[in-house]
Structures are given as structure tokens and as C-alpha cells.
Amino acid sequence: MTSGELFLQQLINGLNLGAMYSLLALGFTLVYGIMELINFSHFNVFMVGAFIALGVLRLMGLDGQNVILSGLPLVAVILVAFVVTMFSTGMIGVGIERLLLRPLRAVTGPAAMILTIGVSYILFNIILIGVGGDTRNFANPLPSVSWHFGEATLRLRDVLIWGITIVLMLGLTYFVQFTKLGKGMRATAQDPEAARMMGVEVDNVVGLSFFIGSALAGASGLIFGLYYNYAKVDMGFSAGLRAFTAAVLGGIGNVPGAMLGGVLIGLIEAGSSQLIGQAWADVIIFSILVIVLVFRPAGLLGRQAPNKS
Amino acid sequence: MISRRSAFKAAAGIAAAGTFAVTEGAQAADKTVKVGMDLSLTGADSESAIRVGNGAILAFEDANKYGEVPGIKFDLVKFDDGTATAGQYDPAQAATNARKMVSDKGFIAALGPQMSGAGKAMSPILSEGNLAIITPSSTNPDITDPKFAAQYRPKGKAVYFRTVTTDAYQGPNMANFLAKTVGIKSVYILDDSGAYGVGIADSFQKRCEELGLKVLGRDRLDPKAADYSAVLTKIKSLNADGLYYGGVGQAGVKLAKQVYEILPKIVKAGGDGIYGVELLKGAGFPAADGWYASNASPHKDDGDKKMKEFSDRFNARFKGSPDDYTLTMYVAARAIIETVKVLQAAGKPVTRDTVRDGLQSVRMANSLIGPVEFDENGDLKNKVISVFQVKKDASKPLDNMDDQFAYIGIAPMS
């Protein structure tokens, strides 16, 4: 492997990591942007989504690495898996909001955020007891297509995950910034009282934003499973920590910022693994986060939030 | 670490619990000596406990039947260190059992326990009473390590003997195996940042340096992270012949998947942390294929003639087949019988003090698990580390350890 090929391969590795972190950070930062609520249950909704996807694929006869599909069956299977998974996790999100967060909406302070930590543990333990704590093999129906640049390899699924992340990022930005519903969401975030007076159905808007955020978590779970081919009960905590960091680094609440943060962290992780050692990757990532937050407390793309009174 | 693989095999015949003695062929004037046997007969390990215990029962029954030690009759007394509340072995119960054995002067030696956790609780008590015990399966190095002598043998003399090797040799002997048997020239070492993983990887690395096997690098994985492709790309760029992973399945199964993609041709190996169902189930095939794994106990080799003769005898008595720890238990019981035989032949008294000293110098050149001799700490001098390799056998269940882990042999000692 020449140093050029090595650089290229680590660049690809870093972008893969970055895309995965961004994908997870998107739904998380969306809910924050609309609700101004740090929703820690997001990452375990993601984990539950991965297990739902695992179950759906298994029901369709896909188990382990034995079945490779192509063409129409592949598209159909993936589509069904996406729809079922996203709808299920979306409904979980709606349930969390309707049953647990809505009664707390009038309460100021960190109560709602702490509640989401509790929900996170409840989801974790439901899966731990119901499914078990061991690593599950996730189906991989994608054909193993790849392109070679010398000894560097770019796989089909690398391109897919980059593509999905960019499309979702653009779509969400458009939705939040330019659609009527998105405007209603932002209005609700800024001042629910005034939004209601202007005719925004606040309860519906909040419920919808939870549905979208949680559906995105489910989609990330499915994509994660297809990409890494495993599902495990602790996957939400570990991937979630990096994704949370990505959202904060990019500017929490800012959709393109989440992607920028994710890609930066991915590249730093790959670079430090190559140059210093995997053991030091976390130290470097979090040092950079601290430095960025000292000079730009709102994150790289974040704006100083207007003072809510 | 004791593996649970044996639990999947059919249970061997169940011998009556409690005390039993075989009187056939014994003279009325024979002196009866008691040997305690501590096993986890209640809970998760009960099936393997019975199979392991049957190894000792067979040895003593035969010794009594054929009058192997003239004038001595062995009485094997069972103790259960498993409790219903613990659902498995309970160190507190193991300690109670040890106290019972120590307080009865009729006990001249003991066998067991299965688990290192029970062994740690028993060893200090046995040391106070100078009662020697031989474990067939507990492999934690600390119990016999002179560094911890004040804790585990406060009286100084070794009382905790083993017919298994300790985990401390898994790393070094695997290094020998990779360098000499497989013949690789360079290796990259990863661990999973856990106590077991770091320890086994350190010992592997140290031996590599002694052997002149080139260590291209050493890194530490976050067991909760999903993606190890960056460090594996680095290993690829270094053109390493081999990859050694010290750690358990949590990082291991993800590593196996990604190694298969990024380093399909590399020679890959680990300790008993990956010798388990988790690798087969979590990583699956083809990713699991080809991994070498070590285990700190001898393995029943069905091709061996002596082993076959033993299996037949065992099967005739208990209607089932022995497993690896049945062998080590049988050999442990034989070591006690040999020791008593030597003492009796020399006209010395058979007490727990003389038996302990006798075990220290007992020599069995040709036991079922090879030469048996104990060093001054109670460890086997002949360090048997078995090497296995995952070899896909599509005709058998893909998640069954016995079918998919092929026994390769014993790793070279040096």
C-alpha cells in the first residue's frame, strides 16, 4: 500500500464514520432545533430500531450473511424494512411525547431532559430482557460491489451511506426552513403561546416533530445494521455519544452543522487511529470539542440562541 | 475462564449425591481416608459438574476395586458449592465447604473446585488447614501466583494444585504456535482494554519479542465502538502476517467481521475470550472462519488410543462421554492415588501433611493429559495450551462450538 493509497483509504474510512455519526445526529438535532429539548432517548430509539429492522428482515427470510439480493427484490425488501422500521420507531417517539413529555411541557428546567434519560434506560432494559445482551448477526442482502484505487477500496455501501446522509440532510434543512409545517415547528420552538395564537396546532406540531425525529432514528438503526451487520443492546450508548458530540460540535439544532460535526469527528478518528493509535482517538476528539466550545460556545455553525423570556 | 461448552453435551450418568464408598475388594482392616470433592452441583454448571465429578469417581472406584493401594480405602465425599440463590457457584458456600473439610482430620486431600471464584474463597482456608486440593478447571493465574501468596496461601506452602494450565500461558504459547507452527514473521497486537484482554495481549507481546517475532504495533480497541476499519487499514498498510487479539467477544465479533473484509488473508488468533459460541453467532460465517483460539486446558483427542480406552471405560460406567475437564479431574484423582501409594509403600503415615508434601513431588510421566508434575506453586510444570481453529462444517449446526471449532493440537511450550 503506497502512502497515497493509505491516505485515500483512511479518508474513505473517516467519511464512513462521519456519515454514520451524522445520520444519527440528524434526528437528534432536529428535535432539539424544534423543541429545544435534548432528547437522550433518541439513541436508544435508534437501538430499538435496529432490532425491529433485524426482526423485519428475519421475517422476510434474511438472516446472517447467506442471502444476497439484487435488483427489484433487493429494493422491495429494503423498502419494506425502511417503512416498517421507521413507522414503528416513529410511533415509539409519538408515544414517548404523548404519554411522558406532554404532561411535563409546562415544567421549566431540565426535568424533560432527565426524563428522556430515564426513557432511554427503559428501552435499553426492555431489549436487554426481551432479546438479550449478546451481539446479533444482522442480515446483509447488499451485493458486495466495490471499486479499487490501487489497494484502496470504496464499497457500494460506503457510497450509499454518504448519499443517504446528504439527501436526508438537504431534505430536513428544506423541510424545517421552507415548508409551512417547518415554519410552524420553528415558531412553536420560539414561543408556543404566540404560535398557538397565530393558528399553529402546537400539540400536533410537537407530536409530528417527535415522529420524524424517531423515524429518523429507526432509519439510522436499519442503515447501521446493514452497514456493520450487527445489532447489540449497547450500540445506542456508544454510537450516541459520538453523534451527540457531532451535534454539539456542529452547533446543536443546526441540521447541516450536525453533518459537519459528524464528518469532522469521523476524519479525526480515522486520522488519529492511523497516526497515534485508536486508544487515543477519544482523547483527541473530545479535546477538539472542548477547544471549539471555548471559542465558539454555540458550535461551528450554531448561532447564539435569542434570549427566551 | 471455564467454558460452558460441555453443558450442551448429553449429561453423563448421575452418581448418587453425598457420601459413597466402594467396598468391593477391600480388606476389613483397611484404613479409610477421605477425599473431599467440591463441585458446582446446583445451578447453571450442574450438568458439567456431574460429568467432571464422574472422572474422580471412576478413578477412586477402580483404585478401591483393584486394591491399588494395599491397606487403604478411598472415601470420596462430595460437597456442593452451588446455591439456588446464586444460580451457580457461590464463593461463600465454597468457603463453608473448605472449612468442613479442614475441620475433619479424616480428609487427606481434596478435589475441585470448577470455578476460579470458588477457588479464591477456598484456598486461604485450605492453606490454614494444610489440606491440598487439586482443581480440574480453574485457570485464574492469581490463586497460585507467588505475588498473591499472602492472600491465597497465608501458611506459605502450596495447597492449590492444578491439572490445568493457567491463563498466564495462553498468550505466550499462542505466540510460540504462531511463530513456530504457523510460521508467521510479523504480527500486530490489539486488545479490548479489559483486564483480561490487556493481560493476555501483554504476555503475548512479551513472548513475541523474546522469539524475535516482529511486533509491528500495538493498539487498544474501544469495545463499545462499532468501527475498527481505521486501525485495520493501518495494519493492512504495514503488511502484517498475523493479528493477535487479546479480549472477549464484545469487540471480538465486530473485529472478526471487519478483519474479514479488510484483511482477508491475515492469520488471526486470540485467547479463550473468543473461544465460544459468541464468535460463531455474532460474527457468523464466513467472518469467523479461520480464527485460532487457545484454551488453558488439555483437549480430549478422540484419535488417541489411551483416550479412547478411557472414554470406553467411562461410557461403560456412566453411559455418556467424558469432556475435557473429566480428564483433568480423573488425572487429579490419579495424582492423589499415586501420592498415597508412594507414601504407603515407603511405610510413611498417610495424613494431609504427608499427602501435601507428597503431591509436591509426585510424577506421572504418562497420564491422559501428558506428563504431570507440580511446581512449588502448585501449577502444572507441563503447560498444556490447546489450540483450536474455526473451520466451517456446513453439515453441522453453525453455532455449535464442538462442530465448528476444530482441535488443532497443543501449542509449543517454548
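1. What share of the 309 residues in chain A is buried? The share is 49%. For chain B, 55% of the 414 residues count as buried. This is a predicted model, and the points below should be read as computed from it.

2. Chain A contains 11 helices and 4 strands. Its radius of gyration is 20 Å, close to the 19 Å that the globule rule gives for 309 residues, so chain A is as compact as a globular protein of that length. The C-alpha trace of chain A spans about 60 × 50 × 35 Å along its principal axes. Among the contacts in chain A with a separation of 6 or more, 79% join residues 24 or more positions apart.

3. Chain B has 13 helices and 15 strands. A compact globule with 414 residues would have a radius of gyration near 22 Å, and the 22 Å of chain B agrees with this. Taken along the principal axes, the C-alpha atoms of chain B fill a box of roughly 75 × 45 × 40 Å. Residues 24 or more positions apart account for 77% of the contacts in chain B with a separation of 6 or more.

4. The domain assignment of chain B gives domain 1 (5–166 + 302–372) and domain 2 (168–295 + 385–410). The C-alpha centres of domain 1 and domain 2 of chain B lie 33 Å apart. Contact between them involves 4 residues of domain 1 and 5 residues of domain 2. On the domain 1 side, the residues that touch domain 2 are 1 nonpolar, 2 polar and 1 charged.

5. The contact between the two chains takes 26 residues from chain A and 22 residues from chain B. On the chain B side, the elements that give two or more residues are β8 (214–220), α7 (229–237), α8 (249–262) and α9 (277–283). Of these, α7(B) gives the most, with 7 residues. By class, the side of chain B that touches chain A has 6 nonpolar, 6 polar and 10 charged residues.

6. In soluble globular proteins, nonpolar side chains tend to be buried together. Here the largest nonpolar core has 215 residues. Helix α1 (residues 3–35) of chain A gives the most to this core, with 16 residues. Domain 1 and domain 2 of chain B both give residues to the core, so it lies between them.

7. Which residues have the most contacts inside the largest nonpolar core? They are B:V35 and B:I133. Leaving aside neighbours within four places in sequence, B:I133 is in contact with B:A110, B:L111, B:G112, B:M122, B:L126, B:V159, B:Y160 and B:F161.

8. B:T326 is found in helix α11 (residues 324–345) of chain B. Is B:T326 buried or exposed? B:T326 is buried, because 29 other C-beta atoms lie within 10 Å, and a residue counts as buried at 20 or more. Not counting residues up to four places away in sequence, B:T326 touches B:R51, B:V52, B:N54, B:G55 and B:F314. The C-alpha atoms of B:T326 and B:P136 are separated by 7.8 Å, although these residues are 190 residues apart along the chain.

Conventions:
Residues numbered from 1 in each chain as written. Chains lettered and ligands numbered in written order. Predicted model: local features only at pLDDT ≥ 70, side-chain atom pairs only at ≥ 80, totals over all residues. Contact = placed C-beta atoms within 7 Å. Nonpolar A, V, L, I, M, F, W, Y, C, P; charged D, E, K, R; others polar. Core = buried A, V, L, I, M, F, W, Y, C linked by C-beta atoms within 7 Å. Buried ≥ 20, exposed ≤ 12 C-beta atoms within 10 Å, placed from the backbone. Domains from an automatic or database assignment. Rg over C-alpha atoms; globule rule 2.2 N^0.38 Å.
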